[in-house]
Amino acid sequence: MEVDLLSGPERVPVSPVAPALEARRVSKVFVGRAGEATLALRDVGLEVQRGTFVSLIGPSGCGKSTLLRILGGLEQPSTGEVRSTTRQERGGLPAVAFVFQDYGLFPWLSVVDNVAFGLRMAGMGKRERHDRARAWLARMGLAGFERSYPEQLSGGMRQRLSLARAFVTDPEVLLMDEPMAALDAQTRLLLQEDLVRLWEETKKTVVLVTHSLDEALLLGDRVVVMTARPGRVKLDLPVGLPRPRNASSATGVAFSRMKADLWAALRDEVEKSLEHS
Ligand SMILES: Nc1ncnc2c1ncn2[C@@H]1O[C@H](COP(=O)(O)OP(=O)(O)O)[C@@H](O)[C@H]1O
Ligand SMILES: [Mg+2]
């Protein structure tokens, strides 16, 4: 293969098969107040192909949130590297959007202004950003709540609002950290169905951290199981369930078998993490 050394890295075409996100031998050490070191991640390797949905599960404290923050550039790895082929910015809009369990909403902004916030930061005019925000609110079943404030909404509605806010900027990558963990079981089921539909319509590159095996399988193209701390990838399971998926995809023999495989891999790790806590 010929390499043109003069063309510079920015001219090298991005391979269409290059992963959208890649962690290579990523380790992370946190140093506490008393100087004690915690090895949160050790040699994590993870490739996330463009347009795929990866579910990430593992025992509490194994480093899932840390890995997500590193993948999204909110935190630097201690060793190893993260590669991303996503464009860093498009007209001031972020290429990566986060959705957290605690919503991360601004209580002092109305619902429509919460959704439009990222667009405003990118310098978009009021008319256009409100139009876009309203369209996403309608899509998420929140039409009529534009002038409400987050505290006036139920937990499920707030999480729909968070999703609208993440999707409205049309990011290339969505990183979600247990977005449904605080919801009751029925609300959660509804939101999972919304998210399946939304993903199948938009085909974003997604990494979702969840504690729910059902959720991981229902939504993911792959489920990655992490070990107890220091977190490493223990199992990377392709989910062959056909799409489009809906609640009934979480039934049947293939689903049960995959769930059993996931639990077999996860169970030991949960026990280990309990022993050490
Ligand atoms: N900013 C930080 N400073 C010190 N320790 C941290 C920090 N963030 C996370 N940790 C520690 O790193 C480990 C992994 O944390 P985290 O990524 O939140 O795990 P998970 O999301 O899987 O529950 C935990 O032991 C946690 O206490
Ligand atoms: Mg976490």
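Axes are lines fitted to C-alpha atoms, for helices over the stretch in contact, and the angles run from 0 to 180 degrees between N-to-C directions. The structure discussed here is a predicted model, in which local features need pLDDT of at least 70, side-chain atom pairs count only at pLDDT 80 or more, and totals for chains, interfaces and linings use all residues. Residues are numbered from 1 along each chain as its sequence is written, while chains are lettered from A and ligands numbered from 1 in the order in which they are written.

Helices (H or I, at least four residues) and strands (E, at least two) are DSSP runs, numbered from the N terminus. Helix α4 (residues 155-168) and helix α5 (residues 185-202) have axes that come within 10 Å and cross at roughly 25°. The two helices, α4 and α5, are therefore roughly parallel to each other. Residues G155, G156 and Q159 of α4 meet T187, L190 and L191 of α5, where contact requires C-beta atoms, placed from the backbone, within 7 Å. This contact of α4 with α5 comprises 2 nonpolar, 4 polar and no charged residues; Ala, Val, Leu, Ile, Met, Phe, Trp, Tyr, Cys and Pro count as nonpolar, Asp, Glu, Lys and Arg as charged, and the others, Gly among them, as polar.

Helix α4 also packs with helix α3 (residues 126-139), at an angle of about 135° and with the axes 9 Å apart. That angle makes α3 oblique to α4. On the α3 side the contact involves R132, A133, W136 and L137, and on the α4 side A164, F167 and V168. By class, the contact of α3 with α4 has 6 nonpolar, no polar and 1 charged residues.

Attention now turns to the strands. An open sheet of mixed pairing is formed by 6 strands in the order β7-β8-β9-β3-β10-β11; two strands pair if DSSP finds at least two bridges between them. At the edges stand β7 (96-100) and β11 (233-238), each pairing on one side only. Strand β7 runs parallel to β8 (residues 173-177), joined to it by 5 bridges, and F98 has L175 in β8 as its bridge partner. Helix α7 (residues 253-275) lies across β3 (53-57), β10 (222-226) and β11, at about 175° to β11.

Finally, ligand 1 is surrounded by 13 residues, the closest being F30, A40, K64, S65 and T66; a residue is near a molecule if its C-beta atom, placed from the backbone, lies within 6 Å of it. Helix α1 gives the most to this shell, with 3 residues.

Note on methods
Parallel < 35°, antiparallel > 145°, perpendicular 65-115°, else oblique. Contact = placed C-beta atoms within 7 Å.
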